Amino acid sequence: MDSQGEYQNVVIVGAGICGLATALGLHRKRIRCLVLEKAASMRTEGSGIDIFANGWRALDQLRVGTELRTKSIAVTEIHEQWLEENRMRVFPCSNVEVRCVRRKDLIEILANNLPANTLRFNCQITAISTDPATSFPVLHTSDGMVIKAKWFSLLQIVIGCDGLNSIVAKSLGLVMPKSFPTWVLRGFTPYPDGHSFGTFFYRIRNKHLFLGRVPVDDRLVHWFIAPMNPFKDLNDLKDPKLIRDFAVELLQKFPSEVIEMVKASDLSSISLRYISYRPPWQLMLNDLWRGTMVLAGDAMHVMGPFLGQGGCASIEDGVVLARCISQKLPADSECTVISDKELHERIEAALSDYVKERKLRVIGLSTNSYLIGSITGTSSWVKKLLCIIILVLFFKDSPLCHSDYDCGKL
Ligand SMILES: Cc1cc2nc3c(=O)[nH]c(=O)nc-3n(C[C@H](O)[C@H](O)[C@H](O)COP(=O)(O)OP(=O)(O)OC[C@H]3O[C@@H](n4cnc5c(N)ncnc54)[C@H](O)[C@@H]3O)c2cc1C
């Protein structure tokens with residue numbers, strides 16, 4: 001399958017934010033890898049993604065932060081407003097970098113910094129087995145190809161960055177993520193002559209609905225809407241125009257400027273997503289790596305978007321994983337003399353270090369996000385109250401609390 005002489009140490013399944021960030025981290029460490037993606041091309045659809053200070057630190061380690069910053073403006077304050085109570089809270093972002101970027105820009109910048117031939121499209125992994133001779137994983141693709149260690153090259157590590165329905169997570173014994181009875185609807189609104197929303201991330205809510213609006217640059221804003229309570233199934237709603245009309249209808253009691261913003265949104269950017277999550281206890285109780293296979297990004301810790309941290313944490317994963325692997329992989333000169341057994345031990349040590357380092361961090365994020373999702377996803381006041389109490393006791397009441405984290409040097 002690989003061209004003769006090509007030397008693969010690492011295969012990444014999935015070319016989303018995490019797969020690309022991990023590949024770039026490894027590339028910066030001069031470790032070659034191959035990213036297998038089931039789609040026919042780079043998935044650049046979707047609207048905006050908020051990146052908080054922790055995500056920017058990780059992007060700077062990958063040496064793409066500076067380029068990505070040119071595509072967005074910095075948020076200077078977060079304004080939270082409660083409509084019924086006519087209450088407003090302001091969080092200054094003077095020491096905390098927050099920006100909303102187009103998902104497309106993030107994906108393209110990560111991908112464009114990878115060496116040629118790192119990405120292979122139309123390559124869906126359908127099963128994973130173990131080579132009895134080497135104990136390395138064997139990957140089976142939908143078109144009948146088998147990718148195995150020492151056959152065409154040295155395939156030693158398989159990193160599952162394959163998102164929500166991860167086949168790598170399944171082969172590690174994790175059960176499928178769950179869903180909250182809730183959704184997020186989002187899109188972009190262009191303002192060709194410039195908008196008047198300044199540099200504020202505006203979050204406004206009443207007891208039924210939550211709306212967020214954040215500028216990407218002077219002429220584009222990203223917005224999202226989510227219900228504050230369990231909501232009927234909207235599976236029939238597929239047409240972007242109907243989705244937009246539905247959003248406008250829901251916003252009746254909101255200020256006219258946000259209604260006008262949604263009305264003027266770009267239909268091609270509108271998306272409606274149901275909220276999936278891996279419960280924190282699955283992260284606590286399951287093996288997130290085994291042998292030379294490991295999970296990263298949503299495949300490991302898919303969480304509701306309430307904190308805007310799923311993507312940021314996926315970039316952190318990429319940095320930490322690349323660092324741990326590079327610390328343990330043999331130098332080129334050692335490769336020919338090192339035994340399979342020793343190679344195995346070194347890889348296992350690297351993956352064990354990575355999981356140890358990431359576990360607490362992602363359990364914290366996913367627990368916080370799970371509690372918020374449970375508050376909006378249940379109609380039981382007892383459950384709501386219990387979740388609020390745990391939130392108040394264990395987590396800071398600030399939209400910026402998780403961004404004060406540094407995943408360290410690459
Ligand atoms: C509504 C919403 C809003 C969000 N907002 C934010 C935000 O503001 N900030 C933030 O940080 N995060 C946010 N997130 C979370 C963030 O989008 C995700 O955490 C992030 O995209 C995960 O990236 P990933 O690469 O792990 O997974 P994915 O993006 O799902 O990528 C997985 C890739 O693997 C491929 N793949 C899957 N199976 C296979 C297979 N068997 N073989 C080969 N390829 C395969 C897929 O095609 C895909 O390209 C939000 C999420 C949602 C749903």
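**Close-up views of a two-domain model**

**View 1. One salt bridge crosses the interface of domain 1 and domain 2**. The salt bridge (a side-chain nitrogen of Lys or Arg within 4 Å of a carboxyl oxygen of Asp or Glu) joins the side chains of Arg102 and Asp217, with 3.1 Å from N to O. Six residue pairs, both at pLDDT 80 or more, are in polar contact between the two domains; such a contact is a pair of N or O atoms within 3.5 Å, one able to donate a hydrogen and the other to accept it, and residues adjacent in sequence count only if both atoms are side-chain atoms. This is a predicted model, in which local features need pLDDT of at least 70, side-chain atom pairs count only at pLDDT 80 or more, and totals for chains, interfaces and linings use all residues. Residues are numbered from 1 along each chain as its sequence is written, and side-chain values use heavy atoms, without hydrogens and water.

View 2. Ser47, Ile73 and Thr376 supply 32% of the area that domain 1 buries against domain 2.

**View 3. Strands β8 (residues 125-130) and β9 (residues 137-141) run antiparallel**. Five bridges join them, and strands pair if DSSP finds at least two; strands are DSSP runs (E, at least two residues), numbered from the N terminus. Ile128 has Leu139 in β9 as its bridge partner. Six residues lie between the strands of this hairpin, where Ser135 takes a positive phi near 65°.

Key
Helices (H or I, at least four residues) and strands (E, at least two) are DSSP runs, numbered from the N terminus. Buried area is the accessible area (1.4 Å probe) that two parts lose on being put together, summed over both.
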